[in-house]
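Try each one yourself before you read its solution.

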Amino acid sequence: MFCGIDLGSRSVKLVIMDHNSVQRSEIFETVQFYRKYGSPTPEGLVVDFKAVGIGEISDVVATGYGRNTINIVGATVIAELKAHTVGAIWQTGLTNFTVLDLGGQDSKVIKVRNGKMVDFATNDKCAASTGRYLENMATVLGISLEELSSYQENPVELSATCAIFGESELIGRIVEGYSVPELSAGVNYTIFKRIKPMLTSLKSETVIFTGGVALGKAIGKIIESELGIQVIVPKYPQLNGAIGCAVHALGKRR
Amino acid sequence: MARIGITTTVPVEIILAAGHIPVDLNNVFINDKQATRLVEVAEDAGYPRNICGWIKGLYSVVVDGGNIDMVLAVTQGDCSNTQALMETLELVGIETIPFAYPFDRDCDMLKLQMDKLIAALGTDWDSVMAVKRRLDLVRGKVAELDRLTWQENTVSGFHNHLYQVSCSDFNGDVDAFEADVDQFVLQARSATEYTEDLRLGFIGVPPIFNDLYDHFEKMGARVVFNEVQRQFAMPYQVDDLVQQYRLYTYPYGVFRRIEDIKVEIEKRNLDGIVHYVQSFCFRQIEDMIFREKLDIPILTIEGDKPGKLDARTKLRMDSFLEMLR
């Protein structure tokens with residue numbers, strides 16, 4: 001059994017794989033994960049895998065936001081974009097595509113050719129166009145994240161993509177009397193506008209859409225209709241990085 | 001003998017010929033142990049948060065006990081914020097002298113700027129040219145240090161950066177700086193070769209991060225070309241001073257910089273380029289030109305405040321190296 005861990009900014013994703021499939025997966029809130037299962041030592045962070053509740057594992061490969069700051073004792077650490085590339089290849093069987101990963105606090109676009117990362121872009125130092133922005137907007141609208149991410153028709157024009165200032169602009173639009181579907185579609189469109197330059201410069205005929213944000217339907221559909229390209233959401237969008245880690249562990253062992 | 005603060009590389013020969021001490025305010029700022037506090041001093045004075053960290057640092061170095069008598073400010077060819085920097089310094093009673101590089105590299109315009117500076121500081125061309133010949137010797141030694149970096153592989157990316165960037169003001173003391181370079185070069189000649197597997201070029205303004213070069217080296221890559229720093233060191237060895245400052249690529253348009261970079265990419269056998277941009281700087285726009293014109297993988301990294309690399313930037317650097325391998 002091989003274990004892949006993706007230490008994200010908002011959540012920690014963990015998968016256990018055998019040679020063919022994902023056997024088990026867990027998603028923890030990041031701070032809770034460190035508090036409950038991690039203990040810092042001079043050698044790095046020791047994760048109590050027993051307490052996590054996973055059985056016997058032969059190899060642990062980790063990646064994520066904390067790649068440089070958190071060094072998990074006993075684990076091989078690989079670059080996050082590499083993990084996402086490997087995960088996307090394993091999940092889709094494709095080798096030429098662009099990965100769009102919209103996570104809790106950052107967005108990544110990776111161009112892959114012949115199974116190799118050839119270029120990438122990430123968002124600037126700002127949580128716009130990420131899960132955090134969507135969460136804030138859903139809270140303002142008083143709806144679930146799932147509902148928010150289902151609307152794409154008649155979007156309200158929103159200019160601020162800032163995760164904080166976006167709130168006040170959205171409230172202004174609510175006061176103007178727009179409906180929740182129109183407001184939600186506007187929020188989803190701002191995400192598209194924000195990632196469009198990155199997707200355009202690293203374009204492929206197929207986009208593999210991953211990260212927590214890919215769980216919603218609207219953004220993928222907007223990308224397809226606006227850019228005229230195919231968007232594939234793999235079976236485990238949120239676990240893509242962790243899967244990439246486990247596949248890397250598996251490859252090492254072979 | 002006055003201590004003259006400079007906002008970027010200027011014809012330093014003129015300051016020295018006039019018997020004054022040049023002080024590159026950037027170097028004072030970034031070497032200050034409390035560089036972050038200096039940014040805050042400017043913000044407390046009213047500098048907006050979303051303005052370049054360097055400009056704020058420069059302001060504070062002058063007003064917060066930097067022992068600077070007057071400031072020679074480059075109002076064209078470096079940073080468009082310098083004009084307001086000059087004005088806010090004047091506001092608190094600091095004497096400033098403007099200097100402008102003509103955008104089109106016009107020879108007469110540049111000479112006129114140098115004539116005006118010579119007059120303002122009360123020196124003459126003969127004295128200036130004598131200093132130029134003296135500095136050419138030192139510039140030659142720094143060029144050798146640069147050669148040792150990429151050809152002999154015995155100098156770190158940081159030291160390559162440090163010695164070349166210091167040629168803006170020769171640390172205010174040409175003789176002492178030369179002695180330091182001599183000693184360093186002597187050691188570098190017999191130093192162990194670096195054996196990293198990736199060779200990088202660093203383009204753009206000098207980084208506000210203090211651990212960038214170290215981090216790359218830790219990850220098995222080394223910067224063997226520092227574009228703007230090398231320009232500061234002016235390795236051209238031409239007789240004419242006006243011509244020297246015309247060959248200097250940094251203050252003019254981006255396209256001549258690209259020509260220079262292309263030559264060095266080939267010569268130094270680079271695997272990738274790191275384009276450093278400062279937050280809120282107009283040079284961020286030029287990134288699209290580099291990406292269009294340079295046929296080599298480019299990583300663009302952005303810095304705002306002085307200090308260590310943040311986790312996000314490290315993640316991007318690591319991924320870039322991974323991609324190059």
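**Exercise 1.** Which residue in β9(A) does Asp101(A) stand opposite?

*Solution.* Keep in mind that this is a predicted model. Start with the strands: β8 (residues 97-102) and β9 (residues 107-113) of chain A pair in the antiparallel sense, over six bridges. Now look across from Asp101(A), and you find Lys108(A) in β9(A).

**Exercise 2.** Work out which strands are the edge strands of the open five-stranded sheet in chain A.

*Solution.* First write down the order, which is β10-β9-β8-β11-β12, with mixed pairing. Then check the ends: β10 (116-122) and β12 (230-232) of chain A each pair on one side only, which makes them the edge strands. As for helices, α7 (residues 180-201) of chain A lies across β8, β9, β10 and β11 (206-210), at about 20 degrees to β9(A). Helix α8 (residues 218-227) of chain A lies across β11 and β12, at about 160 degrees to β12(A).

**Exercise 3.** How are α3(B) and α4(B) oriented to each other?

*Solution.* Take the axes: they come within 8 Å and cross at roughly 85 degrees. Angles of 65 to 115 degrees count as roughly perpendicular, so that's what these two helices, α3(B) and α4(B), are. Among the residues making the contact are Leu38(B) of α3(B) and Tyr59(B) of α4(B). The contact residues divide into seven nonpolar, three polar and two charged.

**Exercise 4.** Is Arg49(B) buried or exposed?

*Solution.* Find Arg49(B) in the loop between α3 (35-45) and α4 (53-63) of chain B. Its count is 9 other C-beta atoms within 10 Å. Exposed means 12 or fewer, so Arg49(B) is exposed.

Technical notes
Residues numbered from 1 in each chain as written. Chains lettered and ligands numbered in written order. Predicted model: local features only at pLDDT ≥ 70, side-chain atom pairs only at ≥ 80, totals over all residues. Helix = DSSP H or I, 4+ residues; strand = E, 2+ residues; numbered from the N terminus. Buried ≥ 20, exposed ≤ 12 C-beta atoms within 10 Å, placed from the backbone. Axes fitted to C-alpha atoms, helices over the stretch in contact; angles between N-to-C directions. Parallel < 35°, antiparallel > 145°, perpendicular 65-115°, else oblique. Contact = placed C-beta atoms within 7 Å. Nonpolar A, V, L, I, M, F, W, Y, C, P; charged D, E, K, R; others polar. Pairing = 2+ DSSP bridges.
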